[in-house]
Amino acid sequence: MSADDSEEAPLRVSPLYASHLELGAKMVPFGGWEMPLAYPSGTVAEHRTCRTSAVAFDVSHLGTVRVCGADAFEHLQHSLSNDLTRIQPGRAQYTHLLDEDGFVVDDIIVWWVDDERFDVMPNASNTTDVIEAIGGMDVTDERAVIAVQGPEARSRLAQMSAEAATVHRFAVKRFEWAGATCLVAGTGYTGEEGVECAVPAEVAPEFWEAVLGQGVAPAGLGARDTLRLEAGLPLHGHELGPGITPLQAGLGWVVGWEKGDFTGRAALEEERANGPTRRLRGVVADGRQPLRDGSLLYEGAEQVGILTSGNFSPMREQGMGLGFVDADARLLEGDPITVVQRGRELPARLVRPPLWPIRDEESE
């Protein structure tokens, strides 16, 4: 998810690369891959289609690290922050890989496929670091991952695969398509209903075309970012990463306090006892000006935080962002705040994520 601007290594491409070119996608480097930013319809249209109908994203740039064996459970239980005993085979779990200081090395989805097989899905540019920390085998090149998202995602997918369409939220199961064994999980990164399908590379272009054939629109990384930002979901390299803990990011629920020791536990326990010095908050501008990461947040004449992500909300038609605000500022949701951006002062207010749909208390 976090972009890697290095030009030293050749960019990797998805099994769907040729399909994207045929659709006229604008391709950009991202996390060491060349991926579609947007299709001719544009990011705003793709975003709104996901909120009202269904879109498909190629997210094959995410890694898949397969950890297998009788000791796989215990190894991951010690390495990752969340508690795997909360789930079981056939389920998925959001979790963090931390360093000893409690900072987020990566945020991860674990697909617990069966008793002794876990497919760990790190962010694109972090796959190597995750393998160094947890071991396992990199099988990223063996598959494409296609995310079908939106309120009509399941009904449209059901027209080509009832098995894939009926997977429960945060469940994982196998399904057959075109003679190939695939995996599907009831997960996503948009705030909408949907699934993510891991399809063998050799049948991935055919699967992609079949999905689009059900009236599902292709969508690129631009819409994926605005959708996750409206949904208040963190992005590695922005709301998560070096110097940022799960508690600061408002993600204490991904910490398995009730389980045994895990990497970073001692540092998190100390932070929990003292309280985080800053917390992640949502910001909505009064006007349409897109907000930008790195902009400073002020209460009156005092700087109280910084934006970590910013953009334009296609649904609210306002500037929006996420940022860290000092705990000492004691600001509440709804309080006014000033975003200082490129020398301009933009009036805004704090909003409890998600930023869409608009909460009842906001409209009062």
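This is a predicted model: local features need pLDDT of at least 70, side-chain atom pairs count only at pLDDT 80 or more; totals for chains, interfaces and linings use all residues.
The lining of the largest pocket divides into 20 nonpolar, 12 polar and 12 charged residues. The space in the pocket comes to about 1,000 Å³. Of the 44 residues that line the largest pocket, those closest to its centre are Tyr94, Leu233, Pro234, Leu251 and Trp253. Several strands take part in the lining: β6 (91-98), β7 (104-114), β13 (194-200) and β15 (278-285) each supply at least two residues of it.

Rolling a probe the size of a water molecule over the atoms shows where empty space is left. A search of the whole structure finds 1 cavity of 30 Å³ or more, and the volume of the largest cavity is about 30 Å³. Which residues line the largest cavity? They are Phe57, Val59, Ala147, Gln149, Gly188, Tyr189, Thr190, Glu196 and Arg224. Sorted by class, this lining has 4 nonpolar, 3 polar and 2 charged residues.

The next feature is a pair of helices. Two packed helices are described by the angle between their axes and the distance between the axes. Here the pair is helix α2, residues 43-52, and helix α8, residues 221-230, whose axes come within 8 Å and cross at roughly 50°. That angle makes α2 oblique to α8. The crossing in which α2 passes α8 is right-handed. On the α2 side, the residues in the contact are Thr43, Glu46, His47, Cys50 and Arg51; on the α8 side they are Gly222, Ala223, Thr226, Leu227 and Glu230. By class, the contact of α2 with α8 has 3 nonpolar, 4 polar and 3 charged residues.

What remains concerns the backbone. Most residues other than glycine have a negative phi, and most peptide bonds are trans. Where does the model depart from this? One place is Ala178, a residue other than glycine with a positive phi, near 55°. Ala178 is found in the loop between β11 (172-177) and β12 (180-185).

The bond from Pro353 to Pro354 is cis, with omega near 5°. Pro354 is found in the loop between β20 (344-351) and α10 (360-363). The bond from Trp356 to Pro357 is also cis, and its omega is near 0°. Pro357, too, is found in the loop between β20 and α10.

Methods
Residues are numbered from 1 along each chain as its sequence is written. Side-chain values use heavy atoms; hydrogens and water are left out. On a 1 Å grid over the protein atoms alone, a cavity is a set of points where a 1.4 Å probe fits but cannot get out, and a pocket is an open set with protein on both sides within 12 Å along at least five of seven lines; lining residues have an atom within 4 Å of a point. Grid points are joined across faces, edges and corners, and a volume is the space filled by probe spheres set on the points. Ala, Val, Leu, Ile, Met, Phe, Trp, Tyr, Cys and Pro count as nonpolar, Asp, Glu, Lys and Arg as charged, and the others, Gly among them, as polar. Axes are lines fitted to C-alpha atoms, for helices over the stretch in contact, and angles run from 0 to 180 degrees between N-to-C directions. Helices (H or I, at least four residues) and strands (E, at least two) are DSSP runs, numbered from the N terminus. Angles under 35 degrees count as roughly parallel, over 145 as roughly antiparallel, 65 to 115 as roughly perpendicular and the rest as oblique. A crossing is left-handed if the near helix is turned anticlockwise from the far one by less than a right angle, and right-handed if clockwise. Contact means heavy atoms within 4.5 Å.
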